[in-house]
Amino acid sequence: MAPRTLILAATLGLSGALLAGCSDEPQDAPQSGSGGDDTASEQTQTSDSTPVNLIFGTGGTSGSYYPIGGALKPIFEASDLIGGVQVVSTGASVQNIQNIQDGLNQIAIVMSDVAYDAVNGNNQFEGNKADITTLAGLYPNVVQIVATADSGIDSVDDLAGKRVGVGKVGSGVEQSAKIVLEATGLSYDDLARVSHTGYADSVTEMSNGNLDAAFFTSGVPNSSITGLMQTNDVTFVPVTGEVADKLLEAYPYYETYTIPAGKPERYNLDAEVNTVAIRNILIVPASMDDKVARELTQRFDDYLHSGKVSVGALKDIDPETMDQHLVVPLHPGAQSYYDSRDGGGE
């Protein structure tokens with residue numbers, strides 16, 4: 001047997017997983033990835049001395065999750081505990097959580113509302129509670145309802161009888177759209193047309209006159225909205241008053257958010273828009289080894305403090321609040337790091 005084959009055989013024979021929940025034979029291949037050694041796609045079980053490979057579930061290539069994964073890939077790979085990180089484009093929150101459940105991803109970015117449902121077995125996760133934990137709270141995903149200027153839509157109530165893009169089926173965008181409509185006393189039946197389109201397709205449909213409005217639940221700014229504003233007059237629909245109050249009371253993951261006026265990097269609006277937001281979180285399996293979880297958390301925190309952050313959404317994170325106001329429990333390894341960082345000892 002060749003030396004390389006012997007080494008591979010020995011590696012595969014090692015026991016004692018850093019990621020105990022990872023399966024050796026994933027049932028489905030992850031969607032198209034970017035960056036990373038192909039070996040990162042193997043669901044590795046390693047000893048304490050063997051680096052672990054991670055598959056990082058993000059979202060669509062036009063959203064914020066995917067470039068965040070690309071930015072964090074070299075940060076995590078600099079650790080001796082990490083062999084390689086493969087960043088993959090996915091259907092975002094719902095798929096990322098299910099992929100972790102199935103052992104296809106070992107780290108992912110998700111919206112807090114979807115994660116809250118997952119750990120509590122609600123909605124699409126009924127009977128399928130997810131055993132996930134948080135490494136860090138990220139930036140807010142802001143509920144942005146954008147309407148064409150001539151649609152006559154100035155409030156959420158005005159969506160009744162209109163053609164509305166609500167996000168892809170099962171996406172975090174659709175989930176937030178349903179909840180906002182429900183808080184307004186509306187359902188899909190009250191809309192003239194429901195379009196399950198992603199950001200890019202919603203913008204195209206609005207530009208073509210086929211949609212009156214669309215939900216964009218993302219960081220601010222959203223590049224698709226920015227592109228739409230270059231060729232079309234639009235109205236940002238506020239989520240305020242009784243609607244916002246109902247959301248904040250009923251759902252622990254909602255918070256208020258104001259899109260400022262006069263900020264070129266935030267759409268350069270004439271007037272501020274008050275709405276609600278849902279925080280994004282960085283999750284891993286509860287079964288991840290404590291040392292690995294702590295290492296990933298520390299390297300992420302160090303990166304945010306480095307002054308070298310290149311992705312706009314990551315600049316919206318306050319590192320001092322990454323362990324606060326979370327709806328999914330912190331991983332013990334992450335908790336250990338925050339306790340040490342904040343003066344609580346090891």
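**Entry 1: ground rules.** I am working with a predicted model, where local features need pLDDT of at least 70, side-chain atom pairs count only at pLDDT 80 or more, and totals for chains, interfaces and linings use all residues. Residues are numbered from 1 along each chain as its sequence is written, and side-chain values use heavy atoms, leaving out hydrogens and water.

**Entry 2: the whole chain.** I found 10 helices and 11 strands; these are DSSP runs (helices: H or I, at least four residues; strands: E, at least two), numbered from the N terminus. Of the 346 residues, 50% are buried, meaning under 20% relative accessible area with a 1.4 Å probe, protein chains only. I also looked up contacts (heavy atoms within 4.5 Å). Among those with a separation of 6 or more, 73% join residues 24 or more positions apart.

**Entry 3: strand β4.** Why is β4 largely enclosed by the rest of the structure? I checked residues 107–111: 5 of the 5 are buried, so the strand is largely enclosed. In a regular strand the side chains alternate between the two faces of the sheet. In β4, I see Ile 107, Ile 109 and Met 111 buried on one side, with Ala 108 and Val 110 buried on the other.

**Entry 4: its partners.** Two strands pair if DSSP finds at least two bridges between them. I noted that β2 (residues 52–57) pairs with β4 in the parallel sense over 2 bridges, and Phe 56 stands opposite Ile 107. With β11 (residues 273–285), β4 pairs in the antiparallel sense over 4 bridges; here Ile 109 stands opposite Leu 282.
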